[in-house]
Amino acid sequence: MAKPPFSLEGYKIPDAAEAEQGRPYDERETNRAWENFLTFGDAKRENALVRGVIEESWQRSIKSGVNAHCKGSSFITSPDDLYELRLKNDDLLGSSAQTFRRVAEVLGDAATMLVITDRNGVVLDVGGDQRTIDAGHDIRLEVGAAWGETVTGTNGIGTALVTGKPVHVHAAEHFSEGIKAWTCVGSPIRSPIDGSIIGIIDFSGPQAIFHRHNVALAVIAANHIELALSEKLRLERIRLLEASISRMPGMGSADGVVILDRFGRVIHHNDMASARWRRIAQSRELNIGSQILPSREGLLGKDLAEGLPEELREQRIEPLVVDGVVKGAMLVLASKPRTNPAASEMLPTTRAALMSAKEAIVGCSEALLEVVQKIERAALGRTAILLEGETGVGKELFARLVHAASQKTGKEPFVAFNCGAVSKELLGGELFGHAPGAYTGATREGRPGRFEFANGGVLSLDEIGEMPMDLQPYLLRVLEERAVDVRLVASTNRNLKQEVAEGRFRKDLYFRIGVVRFTIPPLRERLGDVEILIDHFNRQFATIYSTQPLRFEAATMELLRRYSWPGNVRELRNLIENLVLMTITGIVTPRDLPEDFLEVAPAQPPSISVQSENRATGSEGDEIARFDEMERRAIERAVANAGGNIAAAAEKLGLSRATLYRKLHQYRSRT
């Protein structure tokens with residue numbers, strides 16, 4: 001639904017502001033009151049007139065040590081901190097963009113600049129009359145400048161923040177002498193979540209611009225921004241519910257489901273959740289709006305389970321990703337226990353080790369969670385475990401999960417060894433040790449092997465299929481005789497059953513190490529995990545390289561989702577590290593992806609038609625058509641989400657308006 005145009009009809013200036021408006025303004029009297037205040041601490045000496053809201057603000061200004069003769073803001077935020085502030089206030093800035101344009105239309109060519117600040121009075125954006133914006137630089141009324149009362153004294157921004165009400169400050173009413181040639185009107189913008197002040201919208205300009213209706217206009221503008229914020233959150237919640245639906249098929253029909261937004265608040269729960277909640281969290285109520293997870297300015301913590309109340313930490317919680325960013329979570333109150341049956345008997349140190357091992361396996365797809373749960377149960381036994389899976393799926397992480405889940409004291413060793421990393425001649429000595437001087441290069445004292453180092457714990461042998469045939473009997477003998485107390489976890493990216501059939505691996509050893517076997521799912525089968533892993537590695541490498549996390553265009557995310565990932569998680573990790581290092585603008589477009597990546601982009605057929613000769617030959621035209629279709633869908637989705645607002649959609653996509661118009665015309669002309 002389109003928002004109504006700006007109008008004063010139906011709006012009323014708040015009583016306090018209206019009462020203040022009734023006071024006559026006399027510049028000479030106000031200046032005399034200011035001078036008396038600075039000299040004697042009393043603004044009403046000699047019956048000088050000054051409004052109560054102004055005198056109270058002067059009192060706060062003097063107590064804060066503000067220089068009454070300063071020429072504007074004395075604090076400018078650094079570029080890095082400003083970038084971070086704008087990211088944190090992305091919702092506010094996005095929701096105020098349309099209001100900025102509408103207010104500019106109402107004001108016309110009036111010498112007025114518009115200002116949006118954060119909750120502390122730091123200017124995030126300016127608009128309006130360019131000459132006034134230029135003049136604002138003289139008093140540092142500009143992006144990055146702080147205009148709280150403790151910095152610049154009485155002014156529309158800072159005083160509205162302190163009082164929590166719309167306020168105008170006219171000319172001589174300013175506390176600081178250097179800004180008395182200006183007039184300003186500030187109105188608080190409140191969060192639709194909890195009603196707290198999240199920013200200020202301010203109109204500023206020379207003294208002559210002041211009119212009584214400017215206060216009402218500021219109130220209306222703030223109200224429109226609050227409505228836009230509410231609508232944005234409503235749409236975001238719909239997207240979260242859609243994202244959670246894709247997770248539902250893997251859950252039991254009796255499971256309770258609670259959906260949380262990025263503020264950690266409940267936005268939906270099913271009937272089963274209410275019953276299970278009363279049993280699990282007796283001290284808490286499950287209501288829409290209840291705070292379950294901690295959130296810092298709309299950002300959930302990396303460790304969702306750790307943020308849950310103590311009584312809920314054994315429950316399953318999954319991040320919900322929208323457009324490549326974690327925007328919420330789904331808490332599953334299972335009808336049957338999903339955790340390690342022995343977890344309740346664990347020592348705190350072993351429990352922490354198990355949680356750490358599980359957190360290292362990033363993802364929440366049903367295919368991944370199923371194998372995690374099965375391996376966790378299998379770890380309670382003592383038999384060997386065989387992990388099969390393609391290169392890069394993270395088999396060592398699952399071996400460490402076996403170690404963590406099987407610990408009793410927390411001191412059991414974990415030894416990892418790659419059978420393909422050493423020569424055939426040295427492999428035996430590495431695994432089983434050697435006597436003094438047993439071969440050229442052997443130590444005089446002899447050396448224990450990996451089996452002895454792992455005694456009492458877990459030995460992870462990666463690439464077990466690379467073990468030479470003449471060493472395999474020794475491994476079999478060690479396992480059967482149990483000469484050392486070792487839990488073997490073998491890993492391979494080969495098909496060992498086929499290797500046995502072709503005579504390259506012993507059948508008896510295969511059956512001995514494969515009593516319990518698990519196939520780690522490739523990334524292309526882990527529905528929804530690509531987005532979660534992108535977010536995880538994006539933040540990880542941003543921290544490592546001291547930079548800001550990347551933003552991904554919708555078309556780029558579509559390519560990443562559809563890619564087959566032959567190198568699995570390792571390939572994705574390497575790609576994100578490359579992008580963090582090499583992307584200059586901070587926004588990842590399809591052109592930033594490596595050429596070989598684009599060349600083997602997924603072969604899913606596009607919905608738009610392509611010429612038959614291209615389909616037959618699989619030529620470059622196919623690839624272009626696939627990319628064009630993904631880009632078209634991303635553009636249509638962005639325009640729809642922006643309510644048809646081309647400027648807002650262009651900003652979301654990282655395109656100029658001209659480019660977006662051209663692409664829309666290009667795609668529409670083909671239909």
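Lysine 358 is partly exposed, with a relative accessible area of 27%. Here buried means under 20% relative accessible area, exposed means over 50%, and partly exposed lies in between (1.4 Å probe, protein chains only). The model is a predicted one: local features need pLDDT of at least 70, side-chain atom pairs count only at pLDDT 80 or more, and totals for chains, interfaces and linings use all residues. Residues are numbered from 1 along each chain as its sequence is written, and side-chain values use heavy atoms, with hydrogens and water left out.

Lysine 358 forms a salt bridge with glutamate 376, with 3.4 Å between the closest N and O atoms. The pair links distant parts of the chain, 18 residues apart: lysine 358 belongs to helix 12 (residues 348-359) and glutamate 376 to helix 13 (residues 366-378). Helices (H or I, at least four residues) and strands (E, at least two) are DSSP runs, numbered from the N terminus. Glutamate 376 is buried, at a relative accessible area of 3%.

A salt bridge is counted when a side-chain nitrogen of Lys or Arg is within 4 Å of a carboxyl oxygen of Asp or Glu. This rule gives 27 salt bridges. One of them joins the side chains of glutamate 149 and arginine 60, at 2.7 Å from N to O. Glutamate 149 lies in helix 7 (residues 149-152) and arginine 60 in helix 3 (residues 52-63), so this contact ties together parts that are 89 residues apart in sequence. Glutamate 149 is buried, at 6% relative accessibility. Arginine 60 is partly exposed, at 27%.

A further salt bridge connects arginine 561 with glutamate 531, the closest N and O atoms being 2.9 Å apart. Distant parts of the chain are again linked: arginine 561 is in helix 21 (residues 554-562), glutamate 531 is in helix 20 (residues 529-544), and the two are 30 residues apart. Arginine 561 counts as partly exposed at 32% relative accessibility. Glutamate 531 is buried at 14%. Elsewhere, shared partners join Asp91, Lys232, Glu236, Arg262 and Lys327 into one salt-bridge network.

Strand 12 (residues 385-388) is covered on both faces. Ile385 and Leu387 are buried on one side, Leu386 and Glu388 on the other. Strand 12 pairs with strand 15 (residues 487-492) in the parallel sense over 4 bridges. Pairing requires that DSSP finds at least two bridges between the strands. Isoleucine 385 has valine 489 of strand 15 as its bridge partner. Strand 12 also pairs with strand 16 (residues 516-519), in the parallel sense and over 4 bridges. There, leucine 387 stands opposite phenylalanine 518.

The structure holds 5 aromatic pairs. In phenylalanine 541 and tyrosine 545, the ring centres are 6.3 Å apart and the planes are at 20°, so this pair is stacked. Rings of Phe, Tyr and Trp (its six-membered ring) pair if their centres lie within 6.5 Å; planes under 30 degrees apart are stacked, over 60 edge-to-face, and the rest tilted. Phenylalanine 541 is buried at 2% relative accessible area, whereas tyrosine 545 is partly exposed at 34%. Ring pairs link Phe537, Phe541 and Tyr545 into a cluster.

Tyr545 also contributes to a nonpolar surface patch of about 420 Å², together with Ile544, Leu581 and Met582. Patches are made of residues with over 30% relative accessible area and no salt bridge, with like charges joined within 9 Å and nonpolar side chains (Val, Leu, Ile, Met, Phe, Trp, Tyr) within 5 Å. Accessible areas come from the Shrake-Rupley method with a 1.4 Å probe; for residues, only the protein chains shown count as cover. Methionine 582 is in helix 22 (residues 568-582) and is exposed, at 58%.
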